[in-house]
Every structure is written in C-alpha cells, then in structure tokens.
Amino acid sequence: MKIRDDAGAWVDEEFETLDLGDPRRDRRAKELVKRFASRPTASIPGACEGWAETIAAYRFLGNEHIDWRDMMQPHWDRTTARMGQLPVVLCIADTTELNFNGQDIEGAGPLSYEAQVGMYLHATYAVTPDREPLGVMNAWMWAREPRDANGRRGGVKESVRWIESYEIVAEQARALPDTRLVYVADREGDIAALMQRAQELGEPADWLMRSQHNRALKGEASLWETVHASEVLGHISFVLPGRSGQKAREVRQELRSQRVTLPGRAGVKLTCVEAYEVDAPAGVKPVIWRLVTNREAGDAHALNELVDWYRARWEIEMFFNVLKNACRVEALQLSQMERVEKALALYMVVSWRIARLIRVGRTCPELDASLFFAADEIHGAHVLCKKARPKKPPTLNQMIRMVASLGGFLGRKSDGEPGAKTLWIGMQRVMDAVITIQILRDGYDTSVCATRVAVRRT
C-alpha cells in the first residue's frame, strides 16, 4: 500500500482513472471529494473554501453532461481490485431511505410514510470476513412514485433491485475466479425469484440471507419447524453490542441446519440454518436467526462461518450511519434529484473511507498510520493533542485514538474503541490543522498579525 505524502492523496489514488470527458471536471470532482472528506459534517458551502469555489461546486453538480455512475466508476474499479486480492469477500446488500425533511427537491418522492419526502439508496458493500470495508460495489438511487387514486404505485418493482445487485455480484464473481463472493442480505433479500435467478446462472456467487418467510415444504411440513426439529450441530458465542437502551451482553446460540428442496418448478435447493439463543437473561427476548443459503453446511465449523458472515452485515449499517450522520446527506440543499445523486456518489466514497479507518483501526491496530494518513495529518493530530512529534510514525490505532480524542473520545477502559462520530468530528479539527501547517510552510507572513496584536496591547 502506497504511503501518502500529502493530505487528500488517497483521493487521487482512488479516482486515478476518473474520466468525465473533460480534465477540468475530473479536477473539480477530486477537489470536491477532498473538501467533503475534510469537513464531512459541513454543508457544501461550509466545506468549500470561499464563494467562488462554492459556486463552482454547485455548477459541477448541476452539469447535465455528468452522470453519477461515471463519477463512481473509478471507486468501483478499485473496489474490484481490492476484492481480487482475497480468497473470500462478503457482498452485503441493503436499502436505506433518505428523508429530505420537507425540502422542495424536484424528482423526490414519498417514503415509508406517504407524507415524508425523499429517495431510496440500494447499495452493495464489499467487506472481508474480518469486516474490513473494501468499497461500494454497486448502487441504485430512485424516488417512489405517489400512489394513484386506487392506492397503486407505478414504477419499477423495488424487489428487482435485489435481483439486479446479485446479478452484478455474479458477473464480478466470474471475473474474479480466485475469489469466492458471498451475497449477504437481511430479510428483504429473502426473495424466491432471486434464488431462482442465482440457480439459473449456476450460482457463481454464493448467497446468504436472513429468512423472512416460513416456507411450506412437501406435505404439511414448514421450513422453520423442520430445521428446529433437527439435531444440534454446534454452538457459537459472541458479544451482542448495546443499542436502543440495551446493554451489550454475551449471546450463546445452538446451531442447527437442514438441507431442503423448495416445492415448485424451479426446485430451488437451499440450506436453512438456525442460530437459537439459549439461557437468555430473564425478560430479554432471545436472539434467534434463521438463515437461508445455497451453501451446504453439515458441521459446526461451516455453521459458525455462516453465522459470522451474517453478523458482518452490520458493516453496511455502519456505512449508512456515516453517510447520514457524518456526511449529513439528508440535509443537502440541492434543488434536483440529479444533483443529489452526484453529491451522494462522492459522499459514498468519503463514507467508505471513514468506516474503513474505524474497522481497520480495530482489527489491525499495529499497522503503520502513514499507510492511511498523510504526514501533515499525523503532524496536525500531534499538535492539537499537544504531544511531541514522534521519531517514527505512530500505529494506526494510536492515530485513530488521537483523532477521536479531538472529537470527544475519552479513552477510558470502559469506553472501548472509538466510534464513527468522534472520529469524523476529530478529523475536521485535524484537517483545519493541516491547512494551517501548509499555509505556514508556504511562507505566509505572520508579522502583520503580530504587529496588530502588539498595537492592541499598547
């Protein structure tokens, strides 16, 4: 991995093959990513330096000759290259809604509640089995059409997005013969048509989804009852993170599996895995997961692996969390959906980088920080933390904890590792320090400021 020499060099690497038909457009796109990355929580005017740059940003996003897919293509290519270096990659698909909170955006549509206005984003996010984010593989963005007088909604059936995203994963699987791709989804992905399509394609990519439907089998049997009646093949234990007022706790599950063939012409063959919590605390709902997959899993090792892969689905939730709360894309003040889509394309890459720093800092803490941070970023963090500049680069975990401390992370034993919020707040402060360091290095004359201070004091 190349060591960065200046702040924002990762953008030049990630968008090296960008081609928007004009070098000026390419430069503007890269500059916008750098601005968004340095101040992810700021508005577009707040991220830009001056009114002229702000106008240029809005002009770029409003350019009808630029397609957001072309903007993301270099990142997609880099993601594929990272995937090709690994034996197994999890391709996690999910849909999130973006609520524009009543903004008047041309082309936006209703959300889950008809009165809400916004759009939908369906993304496939590549991660390693150890949960290191590799990048966004593909994405769809759309707005729903309002219901007609009969309560029907026009437009493309949204379940098609899941099938289309699997087809892209399958296509990439053929292009990466030495890498096994696994398509992972939550309940929304439990679609019979997706399983049939995968079977028609020869299942070049595996699939693993949480079961939503207790499907009928031959006779009077049903899927969930059949697997629960089978013997226990193994156990798995893990710490369930705290959320929604619930404390983190250890979960121990019994593992069962059953290979079945679904009724119907397609005759889809699948394995249903049940992970059933035992000895749950009193008053706490047991954690029960039922997963369906094309893979055979007849022993404890295979079942543990599948459950671990499903648990990695949380990474796309982290990605969406960063996109919405760090980059605040729901607050974008843009007048048209096409402009929002272009901004989202850039913010998705920024969100991936933030999420990747968080995860890699936890799983590979001893890596050299200079692999991920520029020299000025490391210098700026030490200055703001009032720490002496080290003789050798700090580790990645040390750097992340320094940055997070600038965002409010206290670093107590009970605090665990830094989260997304403290990291992105801290990064904004670091980037402000980087700008100051670079201005001083360029020979900015501070004597005028010093003279003015002296005059005031006299």
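Modeller: Start with the hairpin of β3 and β4, where five residues lie between the strands and Arg-131 takes a positive phi near 80 degrees. The names follow DSSP runs numbered from the N terminus: helices are H or I with at least four residues, strands are E with at least two. This is a predicted model, in which local features need pLDDT of at least 70 and side-chain atom pairs count only at pLDDT 80 or more, while totals for chains, interfaces and linings use all residues. Residues are numbered from 1 along each chain as its sequence is written, and side-chain values use heavy atoms, with hydrogens and water left out.

β3 and β4 run antiparallel and are joined by eight bridges; two strands count as paired if DSSP finds at least two bridges between them. One of the pairings is that of Ala-126 with Gly-135 in β4.

Trp-142 has Arg-161 over its face, at 4.9 Å from the ring centre. A charge sits over a ring if NZ of Lys or CZ of Arg is within 6 Å of the ring centre and within 35 degrees of the ring normal. Arg-161 belongs to helix α6 (residues 160-175) and is buried, with a relative accessible area of 14%. Neighbours within four places in sequence aside, Arg-161 is in contact with His-122, Trp-140, Trp-142 and Val-156; contact means heavy atoms within 4.5 Å. Another charged end, that of Arg-290, sits over the ring of Trp-224, 4.5 Å from its centre.

The structure holds eight aromatic pairs. Rings of Phe, Tyr and Trp (its six-membered ring) pair if their centres lie within 6.5 Å, and planes under 30 degrees apart count as stacked, over 60 as edge-to-face and the rest as tilted. The ring centres of Tyr-125 and Phe-319 are 4.6 Å apart and the planes are at 25 degrees, so this pair is stacked. Because Tyr-125 lies in strand β3 (residues 117-127) and Phe-319 in helix α10 (residues 314-326), the pair ties together parts that are 194 residues apart in sequence. Tyr-125 is buried at a relative accessible area of 0%, and Phe-319 counts as buried at 0% as well. Ring pairs link Tyr-125, Phe-319 and Phe-320 into a cluster.

Trp-289 lies in strand β10 (residues 288-293) and Tyr-310 in helix α9 (residues 300-311), so parts 21 residues apart in sequence are tied together. Both Trp-289 and Tyr-310 are buried.

Next come the nonpolar cores, each a set of buried Ala, Val, Leu, Ile, Met, Phe, Trp, Tyr and Cys residues joined through side-chain atoms within 4.5 Å. The largest has 102 residues, and Ile-44, Leu-90, Tyr-347 and Phe-373 have the most contacts inside it. Helix α11 (residues 337-363) gives the largest share of this core, 16 residues. Outside four places in sequence, the contacts of Tyr-347 include Phe-36, Ile-44, Leu-323 and Val-329. A second, separate core of 34 residues includes Met-137, Leu-194, Ala-198 and Cys-272.

As for confidence, pLDDT is the predictor's confidence in each residue, from 0 to 100. The chain averages 88, and 93% of the residues score at least 70. Confidence is highest in strand β5 (residues 180-185), at a mean of 98, and lowest in helix α15 (residues 447-457), at 51. Over residues 1-5 the pLDDT is below 50, and this stretch has 16 contacts in the model beyond near neighbours in sequence.

Terms used. Buried means under 20% relative accessible area, exposed over 50%, partly exposed in between (1.4 Å probe, protein chains only).
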